[in-house]
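Let's take a walk through a protein structure together. Keep the sequence and the 3D view side by side as you read.

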Amino acid sequence: MATLSHAIAPPGLGPHRRASHGFSPPSLRLLTTSSGVAKNSSRVFAQSKSHGRQQIDFSDPDWKSKFQKDFEKRFNIPHITDVFPDAVPIPSTFCLQMRTPVIEDFAGGYPSDEEWHGYINNNDRVLLKTIYYSSHTSAGAECIDPNCTWVEQWVHRAGPREKIYFKPEEVKAAIVTCGGLCPGLNDVIRQIVITLEIYGVKQIVGIPYGYRGFSENELAELPLSRKVVQNVHLSGGSLLGVSRGGPSVSDIVDSLEERGINMVFILGGNGTHAGADAIHNECRKRQLRVAVVGVPKTIDNDILLMDKTFGFDTAVEEAQRAINSAYIEAHSAYHGVGIVKLMGRSSGFIAMHASLASGQIDICLIPEVPFQIHGPHGILHHLKYLIQTKGSAVVCVAEGAGQNLLEKTNATDASGNMVFGDIGVHIQQETKKYFKEAGVPVDVKYIDPTYMIRACRANASDGILCAVLGQNAVHGAFAGYSGITVGTCNTHYVYLPIPEVISHPRLVDPNSRMWHRCLTSTGQPDFI
C-alpha cells in the first residue's frame, strides 16, 4: 500500500502537484464563463467544484430545491449509527451544572441533569453564507446561479449532545499533531484532555511525532492527564512533537486496533485532514467503532468554509514585529528597502492581513495575484518611484508568490508538497541588481521570520479559538460523529464533513473587499 503522503493527497492535488496561483473560487461561488458556468443555448449548468457535487440545470424550475437537497446530502456528517444502526445512546456524562466528580464505577448510573439546558440539539444548524449579493458583479460576490438567487445553506452546529454513543470507561482516546508547528497546538491538546476527563475518560494518550508515531516502535505513547497538560499552553511548539508523512492508512488503522484506541483527534492542515478522512473510511470498512475527528491546524488560514484556523491571528500579530523592523531599517537608511517574507504557500492571507494591520507596507505580493518584477509595470519600477518620492519602501511577500518567476526545484517534502524557490531572496537580489545598473544607491534588508512565528505561543484570540475547538472536537466524538472536522462559520462553531473542506485550498479572492482594503492601504498599482 502507498505511504500516507500519497494516500492523503487532497482531491485534485496529487502528491507532486500544488494549487494553481490563479484564484480558485470557493465551491459556492458564482460560476461565470471564466470561472465555471457552462452555457448551452438557454440552459445553464453549475459545474462540479466540490466532492460529490451534482451538475445543476438552472433552467429547471426546481433547481433550487434540488441544490439544497444535494447540499444537505454532501454536508450530512457521518455518524456511528451509519455503520452500527443498533448502537444505543446513553445519557451524557458531560454536565457543568452537576459538579460531583465522576467516579470509576459510575455508581447509580451515569450522572446527568435532565434540566440542564446546555446541550445542543442534533437539529441545530448554522447558516453557511450570510450575505445576500444582488449581483455577481458585487465585490466578493459568491453566487450559485447567474441571477445570484438566495439559497439557504445550513451546516451542523457544534457542541455537547444530551445523548452520547461511547461509555467513558471504555474509551481510549489518542491525540496526534501532524505537519509543521503552529501557535496553539498545545492549547488544543490541553483542552481535549481536560474535556475528555470531564466526560470521565481515564485512558488518554498522545501519539508522538505525527502519523509516524503509529508505526515506529521506539516512539512510545505519552500518557496524558490534566496534571500533565495543565501549563503546556504557556509554551509554543507541540508537547507531542510533529512530523510530515508517515505509514500507510492500513498500518495506522492496524495500530489503532492493536492499541485499543476508539477515539482519535488529529490536528493538522489539508493533507493531514485527507489522511484523517482515509483513516475514518478504513475504520468504517473494517466496521470498527472508532470516532475520527479533525481539528484544522494551518497557519496559512487556507481551509475552506471556515472563518479562520488557529494560529493565524498569532502569525499576523507576530509578523508585525518583522514588518516594523523592516520599516525601521528602511526608513533609517539612505534609499532603504525592507523586504519581509511571510508564510503562505497557496494563499496570501497572512501577508494580506499583516500588511493591512501594520500600515507600513508599500507593496504586498500574494500567490493569488500575478506580478512582474521587471518592465514598466514591474515592482522594481514602482520601487524606484517610491525611493524617489518617499526615500524608502517596504515589501511584504508570501512564500508562494511569484513561483512562476523562479526555477522549479523539482523536489518535494515528506508530505508531497513541492519545495518552493525563495521568492524573497530573489526579489532582494533583483532589487540590488536593478538599482546598481540604474546608478542609484540602495540599502536592501531582507527578513524571513517564518520559524520564529511558527514556534510562538498562541495569543489571547487564538487561545480562545483553540480552547473551543478542542472542547467541541471531544463533544463531536462522544456524540458519535466521525470523519468530521470542527471550525468556525460566521463566528459560530460547526461540524463539517472532511471531504468538503479539503477539495482545494482556500485562497484570497482578488476581487474581495479585504484585498481591496489592503490595496487601499498600500497604494500599490497592478504589477502586470
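The structure holds one disulfide, and please keep in mind that this is a predicted model. The disulfide joins Cys-143 to Cys-148, with 1.8 Å from S to S. If you look along that link of Cys-143 and Cys-148, you will find it right-handed, with 70 degrees about the S-S bond.

Are the two partners buried or exposed? Cys-143 counts as buried because its relative accessibility is 3%. Cys-148 is buried as well, with a relative accessible area of 3%.

Now let's turn to some other cysteines. Cys-178 is buried, with a relative accessible area of 2%. Cys-518 counts as buried too, at 0% relative accessibility. A disulfide would need the sulfur atoms to be within 2.5 Å.

Next, move on to a pair of helices. Helix H9 covers residues 379-389 and helix H10 covers residues 423-437. Their axes come within 11 Å and cross at roughly 60 degrees, and the crossing of H9 and H10 is right-handed.

Which residues meet there? From H9 come Ile-379, Leu-380, His-381, Leu-383, Lys-384 and Ile-387. They meet Ile-427, Glu-430, Thr-431, Tyr-434 and Phe-435 in H10. Sorted by class, this contact of H9 with H10 has seven nonpolar, two polar and two charged residues.

Methods:
Residues numbered from 1 in each chain as written. Predicted model: local features only at pLDDT ≥ 70, side-chain atom pairs only at ≥ 80, totals over all residues. Heavy atoms only, no water. Buried < 20%, exposed > 50% of the residue type's maximum accessible area, 1.4 Å probe, protein only. Axes fitted to C-alpha atoms, helices over the stretch in contact; angles between N-to-C directions. Helix = DSSP H or I, 4+ residues; strand = E, 2+ residues; numbered from the N terminus. Left-handed = near helix turned anticlockwise from the far one by under 90°. Contact = heavy atoms within 4.5 Å. Nonpolar A, V, L, I, M, F, W, Y, C, P; charged D, E, K, R; others polar.
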